[in-house]
Amino acid sequence: MFSFLKKKEEGLMVASPIKGKTVELSQVSDPTFGECMLGKGVAILPAEGKVYAPADGEISMMFETHHAVSMVTTEGIELLIHIGLETVALKGDGFEAHVQSGDQVKKGDLLLSMDLENIKAAGYDIISPIVVCNTDDYTDVQGIPLKQVSAGDQIIKITK
């Protein structure tokens with residue numbers, strides 16, 4: 001009868017940009033990610049070298065070395081997808097960008113390719129943090145850890 005008085009929980013989901021296994025962000029050895037300095041999210045141990053758009057939106061920054069990409073979804077979620085740890089030192093070796101800053105993308109569009117074997121052979125950890133950089137804009141941001149995922153599967157739950 002008074003259903004209009006009930007507060008509806010508003011939530012958003014972020015899809016995985018990478019096929020692999022999700023890991024709690026706190027398990028990432030780099031404190032910038034592991035201590036959630038850039039925001040909350042989840043990390044993925046990639047099973048293949050492709051990164052897809054996790055949602056519709058705009059590429060806000062394609063890093064020059066192609067080791068990371070940031071985007072803003074149509075819902076206003078600011079995402080950072082960072083491939084491996086300290087991989088900026090590879091100066092783009094083993095990475096290929098398929099989009100550039102300012103591009104409009106649809107969920108599932110190919111953003112980056114990377115040679116995981118090359119990254120590992122160079123001595124870098126391939127664990128890849130997916131971070132909601134505007135975490136403070138939401139009531140809660142929770143990664144869904146310990147799950148095998150395909151690109152497009154839900155990995156982060158956001159409560160408005």
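Tutor: What follows checks some labels of this predicted model against their cut-offs.

Student: Why is His 82 called buried?

Tutor: Buried means under 20% relative accessible area. His 82 has 12% relative accessibility, so the label buried applies. This residue is found in strand β7 (residues 78-82).

Student: What does His 82 touch, apart from residues up to four places away in sequence?

Tutor: Its contacts are Phe 33, His 67, Ala 68, Thr 87, Ile 127, Ser 128 and Pro 129.

Student: What makes the pair of His 82 and Gly 84 a polar contact?

Tutor: A polar side-chain atom of His 82 lies 2.7 Å from the backbone oxygen of Gly 84. The cut-off is 3.5 Å, for a pair of N or O atoms.

Student: How do you know whether Ser 16 is buried or exposed?

Tutor: Set its value against the cut-off of 20%. Ser 16 has 1% relative accessibility, so it counts as buried. Ser 16 is found in the loop between β1 (11-15) and β2 (20-24). Neighbours within four places aside, its contacts include Ile 44, Val 149 and Asp 153. Its side chain also reaches the backbone oxygen of Ile 18, at 2.6 Å.

Student: What makes Asp 56 and Lys 106 a salt bridge?

Tutor: The limit is 4 Å between a side-chain nitrogen of Lys or Arg and a carboxyl oxygen of Asp or Glu. For Asp 56 and Lys 106, the closest N and O atoms are 4.0 Å apart, and the pair forms a salt bridge. The two residues are 50 residues apart and link distant parts of the chain. Asp 56 is partly exposed at 28%. Lys 106 is exposed at 53%.

Student: How many salt bridges does a search of the whole structure find?

Tutor: Two. Glu 117 forms one with Lys 120, with the closest N and O atoms 3.3 Å apart.

Student: Why are Glu 117 and Lys 120 separated by about one helical turn?

Tutor: Because they are three residues apart in helix α2 (residues 116-121). Exposed means over 50%. Glu 117 has 54% relative accessibility, so it counts as exposed. Lys 120 has 41%, so it counts as partly exposed.

Student: How do you know that β4 pairs with β10?

Tutor: Pairing needs at least two bridges. Three bridges join β4 to β10, and these strands run antiparallel. Lys 50 stands opposite Ser 113 in β10.

Student: What makes β4 and β8 edge strands?

Tutor: The open sheet has the order β4-β10-β8. β4 and β8 each have a single partner strand, so one side of each is left without a neighbour in the sheet.

Definitions and conventions:
Residues numbered from 1 in each chain as written. Predicted model: local features only at pLDDT ≥ 70, side-chain atom pairs only at ≥ 80, totals over all residues. Heavy atoms only, no water. Helix = DSSP H or I, 4+ residues; strand = E, 2+ residues; numbered from the N terminus. Buried < 20%, exposed > 50% of the residue type's maximum accessible area, 1.4 Å probe, protein only. Polar contact = N/O pair within 3.5 Å; in protein donor to acceptor, adjacent residues only side chain to side chain. Contact = heavy atoms within 4.5 Å.
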